[in-house]
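Thanks, everyone, for making the time this morning. Let me put the structure up on the screen, and then I will walk through it with you.

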Amino acid sequence: MKLALTGLLLAAAAFCLALGITLPLLEMERLFVLTDRPSLIDVVAGLWNSGDPLLAAIIALASIVFPAAKIAALHVSAALAATPPDRHPAWARPLDRAVGIFTKWSMLDVMLVALAIFTARTSGLATAISQPGLWFFAGSALASAVAAWLLTPTPKQPS
């Protein structure tokens, strides 16, 4: 049952991540006339094209590559959890450590997007309203965090 719920959460996390990076994250209205609805991919492409490749790379890594790698590692970890420990391949132990690291940094991507929205709202030059991409992105982070928690082995109590 626990493994089935983990699989469902991971499928939902992957689906939500795909929507979260392609749908608009926020609507920014500047000077009551100009309106932008950028997706996460649009933000990265805009930074890259405007001459900020380092910032574009950092945001792409933290908000696109890292969450996708986290979900992929959790999928593999869930598949391994369904097999007996003595049949795990040699690379399974480092993967378990990687999943632990991913879990500790699992909300970095959401914090980065929230910081961008906060900056837009407090600049005084624009109003920012959240859009569906933000909610799907946050849903992906939450679903993958719960899946990682479900995959974490519970220590056995001494009898």
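Which residues form a nonpolar patch on the surface, and about how much accessible area do they have together? Before I answer, please keep in mind that what you are looking at is a predicted model. The patch is made of Leu142, Val146 and Trp149, which together have about 340 Å² of accessible area. To place one of these residues for you, Leu142 sits in helix H6, which covers residues 132-151. Leu142 counts as exposed because its relative accessible area is 53%, and the cut-off for that word is over 50%.

Let me step back to the overall layout. The protein has six helices and three strands, and, read from the N terminus on, the order of these elements is α-β-β-α-α-α-α-β-α. Of the 159 residues in the protein, 35% are buried.

Now to the packing of the helices, where I would like to take two pairs in turn. As a reminder, two packed helices are described by the angle between their axes and the distance between the axes. For the pair H2 and H3, the latter being residues 53-81, the axes come within 7 Å and cross at roughly 160°. That angle is over 145 degrees, and H2 and H3 are therefore roughly antiparallel to each other. Their crossing is left-handed.

The second pair brings us back to the helix that carries Leu142, namely H6. Here H3 and H6 pack with their axes 10 Å apart and at an angle of about 30°, so H3 is roughly parallel to H6. The crossing in which H3 passes H6 is left-handed.

Finally, I want to turn to charge. Side chains of opposite charge can pair when their charged atoms come close. How many salt bridges does the structure hold? There is one, and in it the side chains of Glu27 and Arg37 meet at 2.6 Å, taken from N to O. The pair links distant parts of the chain, 10 residues apart: Glu27 belongs to strand S1, residues 26-30, while Arg37 lies in the loop between strand S2, residues 34-36, and helix H2, residues 40-49. Is the Glu27 end of this pair buried or exposed? Glu27 is buried, because its relative accessible area is 14%, and buried means under 20%.

That is the tour, and I am happy to go back to any of these views.

Terms used: Residues are numbered from 1 along each chain as its sequence is written. This is a predicted model: local features need pLDDT of at least 70, side-chain atom pairs count only at pLDDT 80 or more; totals for chains, interfaces and linings use all residues. Side-chain values use heavy atoms; hydrogens and water are left out. Patches are made of residues with over 30% relative accessible area and no salt bridge: like charges are joined within 9 Å, nonpolar side chains (Val, Leu, Ile, Met, Phe, Trp, Tyr) within 5 Å. Accessible areas come from the Shrake-Rupley method with a 1.4 Å probe; for residues, only the protein chains shown count as cover. A salt bridge is a side-chain nitrogen of Lys or Arg within 4 Å of a carboxyl oxygen of Asp or Glu. Helices (H or I, at least four residues) and strands (E, at least two) are DSSP runs, numbered from the N terminus. Buried means under 20% relative accessible area, exposed over 50%, partly exposed in between (1.4 Å probe, protein chains only). Axes are lines fitted to C-alpha atoms, for helices over the stretch in contact, and angles run from 0 to 180 degrees between N-to-C directions. Angles under 35 degrees count as roughly parallel, over 145 as roughly antiparallel, 65 to 115 as roughly perpendicular and the rest as oblique. A crossing is left-handed if the near helix is turned anticlockwise from the far one by less than a right angle, and right-handed if clockwise.
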